[in-house]
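Subject: Handover of a structure for your study

Dear colleague,

Please find below the structure that I am passing to you.

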Amino acid sequence: MTKLAEWLVTGITLVIVWYNVLIGKLPNFGLTQEQILFAPLAIVCVIAVLVLLTLIQRVRTFRDCPEAAAELRI
Amino acid sequence: MPMYSILLPTYNEKENLPIIIWLIDQTMTKHDYNYEVIIIDDGSPDGTLEVARQLQSIYGSDKIVLRPREKKLGLGTAYIHGLKHASGEFIIIMDADLSHHPKFIPQFIKLQAEKDLDVVTGTRYVNGGGVYGWDLKRKVVSRGANLLTQILLRPGVSDLTGSFRLYKKEVLGTLVKSCVSKGYVFQMEMMVRARQNSFSIGEVPITFVDRFYGESKLGANEISGFVKGLLYLFATT
């Protein structure tokens, strides 16, 4: 399966599960209708924040190596 | 004793070429490794090929092999061209502009031998690796592109666009035939296809000294080319 196919299959599965929770065919674990409706948006926002934090951390820890440049001053 | 063929595609490197050849020779001789350097010059107007000939007379034609081409024909075909004349069981690819230091080659060789790996790739992003000469913007673009690639492709390799690598000869041959992309994306595609073929991959932290950032721009063209290539790999692998 290509990565695109994996994402589509996973995405469609999640949408089906979410829709079935919304219409009551699957258990809602005490969440209100409004909460269920906005759950996907909330999850996307949380993921976006995590990705941004990861990027910031990776840029912060991206090592500079002046010693490597000094080595080449032949 | 295995032989290591180092493929060095060159374009206008007449000043760096003697330095990198000297560094390669120093490193490989110190560790007692059998090697040859295959210089693939793409018709450099600055006389790189003439410098290569002089280096050949200094180091010997068993150590310096010349396989020039008439014009710039791209990296993938340069590797194919160089491979045809490589007598080593292992192929090392690296940049000729001193952004990659040959001192890391023994670490690639040791890791490959320890675990019988099909591919060893240098990484700038893992502990011990790093870059010199990049400002904040360049670092953000590099890490951002890499993060996007990790999310979409989950390649199992930390640095996909690097071009400092060691391959088993037959593995490089297989991969280079199946890759269609160019530039950064070509190097990414090589790793992704290596995973598809279940080749074993190891990583060595390396330092990348960019002396040309400022001259080379990471413009809209390069960025759009990268995104297109990433989407192509996302949809087809």
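Predicted model: local features only at pLDDT ≥ 70, side-chain atom pairs only at ≥ 80, totals over all residues.

Residues are numbered from 1 along each chain as its sequence is written, chains are lettered from A and ligands numbered from 1 in the order in which they are written, and side-chain values use heavy atoms, with hydrogens and water left out.

**The interface of the two chains**

Chain A brings 23 residues to the contact and chain B brings 32 residues; contact here means heavy atoms within 4.5 Å. The area buried between the chains is about 2500 Å², and carbon and sulfur atoms give 67% of that area. Buried area is the accessible area (1.4 Å probe) that two parts lose on being put together, summed over both. Of the area that chain A buries against chain B, 29% comes from Lys3(A), Phe62(A) and Leu72(A), more than from any other three residues.

The interface has 3 salt bridges, a salt bridge being a side-chain nitrogen of Lys or Arg within 4 Å of a carboxyl oxygen of Asp or Glu. Glu6(A) and Arg154(B) form a salt bridge, with their closest N and O atoms 2.8 Å apart. On the side of chain A that touches chain B, helix H1 (3–22), helix H2 (33–60) and helix H3 (66–71) of chain A each supply at least two residues. H2(A) gives the most, with 5 residues. Helices (H or I, at least four residues) and strands (E, at least two) are DSSP runs, numbered from the N terminus.

Leu55(A) lies in helix H2 of chain A and touches Val140(B), Arg143(B), Gly144(B) and Leu147(B), not counting residues up to four places away in sequence. Leu55(A) has a relative accessible area of 18%, so it is buried. Buried means under 20% relative accessible area, exposed over 50%, and partly exposed in between (1.4 Å probe, protein chains only).

**Helix H1 of chain B**

This helix spans residues 16–30, and its 15 residues reach 21 Å from the first C-alpha to the last, close to the 21 Å expected at 1.5 Å a residue. The expected span is 1.5 Å times one less than the number of residues. Its buried residues are Asn16(B), Leu17(B), Ile20(B), Ile21(B), Leu23(B), Ile24(B), Thr27(B) and Met28(B). They lie on the same side of H1(B) because they cover an arc of only 165 degrees around the axis, the arc being that of the directions from the helix axis to the C-beta atoms. Among the elements that cover them are strand S1 (3–10) and helix H2 (48–59) of chain B.

**Residues with positive phi, and a buried glutamate**

Most residues other than glycine have a negative phi. Leu98(B), in the loop between strand S4 (90–93) and H4 of chain B, has a phi near 70 degrees. At 2% relative accessibility, Leu98(B) counts as buried. Asp116(B) has a positive phi of about 50 degrees, and at 49% relative accessibility it counts as partly exposed.

Yours sincerely
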